Amino acid sequence: PYVSDGKDKSLMITRYGNLDELLAISDIVSFHTPLTSETLSMANKSFFDKMKSTAILINTARGQIFNIDDLYDALRSNIIKAVGTDVLPIEPPEKTHPLIKAWRNDKKWLSGRLLITPHSAFYNRESFIEMREKAALEAKRVLEGFEPFNQVNC
């Protein structure tokens with residue numbers, strides 16, 4: 001909703017009036033958003049109920065975008081087909097949560113429908129090399145007397 005009108009036409013894509021319309025027709029829903037007051041628990045019971053029963057949810061953004069209890073119910077009740085997530089609302093995950101327990105015990109109803117990676121979906125050979133190169137270049141900048149690009153403490 002924050003992209004200006006006309007951008008969709010230049011990219012040759014269809015813009016939908018609201019999220020509900022988009023959920024009703026989407027085969028895959030993938031989150032690429034920061035965690036804000038608007039996105040906190042955005043994927044909740046109401047959200048899942050609007051998805052196709054054959055839809056797959058992917059979350060590599062922030063774990064608190066989905067409500068894990070509602071996600072459990074949506075999977076258990078076959079409201080959605082599957083989920084792949086690199087993030088969870090609480091990390092490390094609560095071992096006693098029903099969804100985590102079912103996943104760890106490879107319950108038949110969930111088998112092959114939930115993929116959880118340990119907040120490392122970005123990791124591959126290229127990204128590992130890039131991280132090391134960027135860290136070395138950043139250290140070089142500071143040693144040469146320049147301000148760091150992404151200073152955390154001020």
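**A guided reading of the predicted chain**

At 36% relative accessibility, Y16 counts as partly exposed, a class that lies between buried (under 20% relative accessible area) and exposed (over 50%), computed with a 1.4 Å probe on protein chains only. This is a predicted model, in which local features need pLDDT of at least 70 and side-chain atom pairs count only at pLDDT 80 or more, while totals for chains, interfaces and linings use all residues. Residues are numbered from 1 along each chain as its sequence is written, and side-chain values use heavy atoms, with hydrogens and water left out.

The protein chain has six helices and four strands, arranged from the N terminus as α-α-β-α-β-α-β-α-β-α. Helices (H or I, at least four residues) and strands (E, at least two) are DSSP runs numbered from the N terminus. The radius of gyration, taken over C-alpha atoms, is 19 Å, whereas a compact globule of 154 residues would have a value near 15 Å; the globule rule is 2.2 Å times the number of residues to the power 0.38. Buried residues account for 26% of the 154 residues.

Y16 itself is placed in the loop between helix 1 and helix 2 (19–25). Together with L19, L22 and I25, Y16 forms a nonpolar surface patch with about 330 Å² of accessible area. Such a patch joins nonpolar side chains (Val, Leu, Ile, Met, Phe, Trp, Tyr) within 5 Å, from residues with over 30% relative accessible area and no salt bridge.

The structure holds six salt bridges, each a side-chain nitrogen of Lys or Arg within 4 Å of a carboxyl oxygen of Asp or Glu. One of them joins D20 and K50 at 3.3 Å, N to O. Because D20 lies in helix 2 and K50 in the loop between helix 3 (45–49) and strand 2 (56–59), the pair ties together parts that are 30 residues apart in sequence.

Another salt bridge, between K134 and E130, has its closest N and O atoms 2.8 Å apart. Both residues lie in helix 6 (residues 125–143), four residues apart, about one turn of the helix. K134 is exposed at 52% relative accessible area, whereas E130 is partly exposed at 38%.

D86, in the loop between strand 3 (82–85) and helix 5 (98–104), is buried yet has no salt bridge, and R62, the nearest side chain of opposite charge, is 7.7 Å away. Lys and Arg count as positive and Asp and Glu as negative, while His and the chain ends are not counted. The side chain of D86 does make a polar contact with the side chain of T117, at 2.5 Å.

Definitions and conventions:
Polar contact = N/O pair within 3.5 Å; in protein donor to acceptor, adjacent residues only side chain to side chain. Patch = residues over 30% accessible without salt bridge, like charges linked within 9 Å, V, L, I, M, F, W, Y side chains within 5 Å. Areas by Shrake-Rupley, 256 points an atom, 1.4 Å probe, with all protein chains shown as cover.
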